[in-house]
Amino acid sequence: MEKIIIVGPASQMLGVNIAKELDIETINTEFKTFPDGENYLRINIEDETIIEGKDVIIIQSTGPNFCGNQNSRLIELIMMVDSVKRMGASKITIVVPYLAYARQDKVFRPGECPFAHVILHMINSLGIDEFYTCDVHAPEILDNLTCKTINIDSMKILADYIKSLSEKDIVVVSPDKGAVERSKAFAKHFGEHIPVDYFEKTRNVKTGEIIMTGNLSLKNKDVVIADDIIATGGTMATAIRLSKESGAKKVFAVATHALMLQHAKYRILKAGADYIIGTDSIDNEVAKVSLAKTIADYLKFD
Ligand code: R5P
């Protein structure tokens, strides 16, 4: 079955780069926001039969960026899926590297909605055939999907990039004890005996305020602080500051999804980061590592 890629508004570079890896055609979209705030999207074609009978792959991350927030990104995703379905696609795969709302996976305070589950129920109800995401915050939420589902791991490509900048005296530090298993898996990509340590972080669920503690042995080390998401940069900046106080020489602030909201860049650099490294799950200037080949390799063998 002939494959075709629909490049969503949020993943223009990534979508084209995946298509290049696979050597298949792309179609882009026309999108805008109406004066009343509603989203508009059409697949940019004049002949709808182009889609009929095709194996359609839609690439659309759902993080906030230059052309909208995550709600718009999700609405556009739903519009793309419904359009290609109506036009007779034989198979529909969606690639959503950053999954919006994934952090709202639990009821943290009475009265809340664990909305990550609702989002996945919504996606499931669209009747897609395959779903790909990347380093999703709480992988358990993917159990809500009944189609083939892959949570792609970006650790190796992030580690390869960091190794091209520094090879010695690396310590991997988790900004949160809960993420230490992930950091251990990440550290393996730097070598068998790379030390892993962590800070203790607690976040006030009412105010969002972070308290982080820990005094690690980081003297003259190149410290890689790895997290799944940088949002406002509060977590990362605090971990960087503590790492510097613990003697770190260089600090690499690394996240699969570097949203870089509000004053994140300022806070992280001011805290002493030497590098801020994210992937192109979010299309911004810290997207130093591309997921294109990794995603294409999955789609190739499908
Ligand atoms: C939380 O559990 C995540 O793994 C990140 O640590 C968090 O989302 C980062 O948020 P911020 O950059 O606003 O501190």
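Visitor: Which residues are closest to the ligand?

Guide: A residue counts as near if one of its heavy atoms lies within 4 Å of the molecule. Here 14 residues surround the ligand, and the closest are Arg103, Asp227, Asp228, Thr232 and Thr235. Bear in mind that this is a predicted model, in which local features need pLDDT of at least 70, side-chain atom pairs count only at pLDDT 80 or more, and totals for chains, interfaces and linings use all residues. Residues are numbered from 1 along each chain as its sequence is written, and side-chain values use heavy atoms, with hydrogens and water left out.

Visitor: What lies 2.6 Å from an oxygen atom of the ligand?

Guide: An N or O atom in the side chain of threonine 232. For glycine 233, a polar backbone atom is 2.8 Å from a ligand oxygen. Arginine 203 has a polar side-chain atom 3.1 Å from an oxygen atom of the ligand. Taken alone the ligand exposes 380 Å², and the protein buries 88% of that (Shrake-Rupley method, 1.4 Å probe).

Visitor: How is the chain divided into domains?

Guide: Domain bounds come from an automatic or database domain assignment. Domain 1 covers 3-153 + 291-300, and domain 2 covers 155-280. Their contact (heavy atoms within 4.5 Å) takes 14 residues from domain 1 and 14 residues from domain 2.

Visitor: How many salt bridges are there between domain 1 and domain 2?

Guide: A salt bridge is a side-chain nitrogen of Lys or Arg within 4 Å of a carboxyl oxygen of Asp or Glu. The count between the two domains is one. Arginine 182 and aspartate 135 form a salt bridge through their side chains, at 3.1 Å from N to O.

Terms used
Polar contact = N/O pair within 3.5 Å; in protein donor to acceptor, adjacent residues only side chain to side chain.
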